[in-house]
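I opened my notebook to look up a few things in this structure. Here is what I jotted down as I went.

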Amino acid sequence: MAVSAGDAASRTKAPAISTCAPASPAAASPSPAAASPSALVLAKPAGASTPPADHALHGRALALVFFGLLLAMLISSLSETIASTALPTIVGDLNGVEIMQWVSTAYILSSTLVMPIYGKLGDLIGRKRLLMAALTLYAAGKVVCGLAVNMEMLISGRLISGLGGGGLIILSQATLSDVVPPRKLGTYMGVIGAVFAVSNVLGPLMGGWFVQVTGWRWIFWFTVPVALLAVVVLGLTLPRDARALGKHPIDWPGMMAMTVAVTSLVLAMAWGGTLIPWGSLPFMGLVALAVAAAVVFVLLERRAAEPIIPMGLFRNRNFVLCSVTGLFLNISFMGALNYLPTYFQIVDDLSPEVAGLVCTATSVGILITSTATGWVASKTGRYKGMLVAMCVVSTVGLFLLSRMQVHEALWVPVLYLFVLGFGMGLGMQLLVLVVQNEFPHAMVGTATAANNFFRQIGASVGTALVGALFTMRLTADVAGKLTHVDNLSLATLTPQIVDKLPASAQSVIAAGYSDALLPLFLWFVPLMLACLVMMLLLKRHPLATTINHGGAGK
């Protein structure tokens, strides 16, 4: 999640637009002649659902709403981790390991596509119905996964659950900002970071346990009642939405252009070097299509009545800096962690449960620092130093991971993963806090979704790119040393298969797996150093003390 703090200031004599007081449509949206584009971006969307007064919740009412939101975010974050340790077993059982990486990529891709849509609609019509619908769609996708009889059905279920899951975190964070002002949000963001950390701990452990005890299908089944519980809690505690969907124009052309751009980009990253050669005509065609669709999307958004991602957001310097930071962070973080559970099973011959337990070191680090930094931000209003420290410590963690050796003592990867998690926890949730502080409350959902959109693009690109590069390097290295194995690749390499090979072959594969994966972590160090430079350039603005604030980036 990226941050923003702005210097997109209004350069006109028109008064600053605030959502704190009711205004007529004319007053709420000055004409282009009276306000600059950067002032216009801070105006509330036409017809946006804006409360007439500050409406912070306290006590039991806030606790119940927060509990429902935490349930939604917990199951969404579990989707990213729970299948990781069980994935080799799942794809082996369904006889479709040649498309293994799409189990992860499908969810990330579909959730990325709908994030800006959920954010925009939440600002226009309210978030209660959208959040409940997203939870229901997410649960439906999990049912499909639980019933899957082949890989195609499993991936379809992941796509469906991603269409719902893409709204869970976005809408939950925006809903929280509806009832808690930015100055107090730090503590709650710290708790949210702790929930993500706990899900990262529970996910791999639960995935391994389900595989060993109940069967992998329960990885998907158990989230269904949790999602339905969240629907009930939020249905009873959140206030009714004020407006109906039919009163607002929907940016269908923008949605279509964004879908083509994101899908083409992810396909190019996923297929490059595996299904199609780098630099080949199909690869370059996908890249060209992604660029062309992105250009069309920008042109459409500049003219749309209710753009999904208003181009005026990018006039805010801190929003740009922190959106790119979020993009780079997730390329590095998701790219690094996605294949480590399988790495520990194949290279160090660990069981799925133990491999998952090793990976929880990252979550422990996140849990400690996200809780602490959230509290500090709420108490002091300061956050820039922690964002800078996040980049420094995370860079060290990635460098250390690139230095691991085959059959390393377990405390070594545990320590290195802890360092990486400790660094990420220093600022991940603060990025959301700052971007919400930058824009008027009527734009919180849109700004949060746009920021998270780039973060998820990073997750999509990181997961797909590392998978493609890793598979290519592994095949080139191992296939040459095991000449009796034709076309060896990640598609045919699972812990179960490796266990049945002779000891000499296992040793070659373990060394090849390590040589193919670990150097990729070093490639992320320059990205983290770029994040450090951007966070040093970040302008710190005071955190607002009211919910319906006018945005610190005016």
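This is a predicted model: local features need pLDDT of at least 70, side-chain atom pairs count only at pLDDT 80 or more; totals for chains, interfaces and linings use all residues.

**A pair of helices**

I started with helix α5 (residues 102-125) and helix α6 (residues 128-146), whose axes come within 10 Å and cross at roughly 160 degrees. Angles over 145 degrees count as roughly antiparallel, so α5 is roughly antiparallel to α6.

Next I looked up the handedness, and α5 passes α6 in a right-handed crossing. Which residues make the contact? On the α5 side I wrote down Tyr107, Tyr118, Leu121, Gly122 and Ile125. On the α6 side I have Arg129, Leu130, Ala134, Leu137 and Tyr138. Sorted by class, the contact of α5 with α6 has eight nonpolar residues, one polar and one charged.

**One glycine**

Then I picked out glycine 385, which lies in helix α16 (residues 384-401). Is glycine 385 buried or exposed? Its relative accessibility is 55%, so I put it down as exposed. I also checked glycine 385 against glycine 427: they are 42 residues apart in sequence, and their C-alpha atoms are 9.3 Å apart in space.

**The whole chain**

Last, I zoomed out. I found 22 helices and zero strands in the protein chain. The chain has 554 residues, and 60% of them count as buried. For contacts between residues at least 6 apart in sequence, 86% join residues at least 24 apart. The chain exposes about 20,400 Å², and carbon and sulfur atoms supply 70% of that.

How values were computed
Residues are numbered from 1 along each chain as its sequence is written. Side-chain values use heavy atoms; hydrogens and water are left out. Axes are lines fitted to C-alpha atoms, for helices over the stretch in contact, and angles run from 0 to 180 degrees between N-to-C directions. Helices (H or I, at least four residues) and strands (E, at least two) are DSSP runs, numbered from the N terminus. Angles under 35 degrees count as roughly parallel, over 145 as roughly antiparallel, 65 to 115 as roughly perpendicular and the rest as oblique. A crossing is left-handed if the near helix is turned anticlockwise from the far one by less than a right angle, and right-handed if clockwise. Contact means heavy atoms within 4.5 Å. Ala, Val, Leu, Ile, Met, Phe, Trp, Tyr, Cys and Pro count as nonpolar, Asp, Glu, Lys and Arg as charged, and the others, Gly among them, as polar. Buried means under 20% relative accessible area, exposed over 50%, partly exposed in between (1.4 Å probe, protein chains only). Accessible areas come from the Shrake-Rupley method with a 1.4 Å probe; for residues, only the protein chains shown count as cover.
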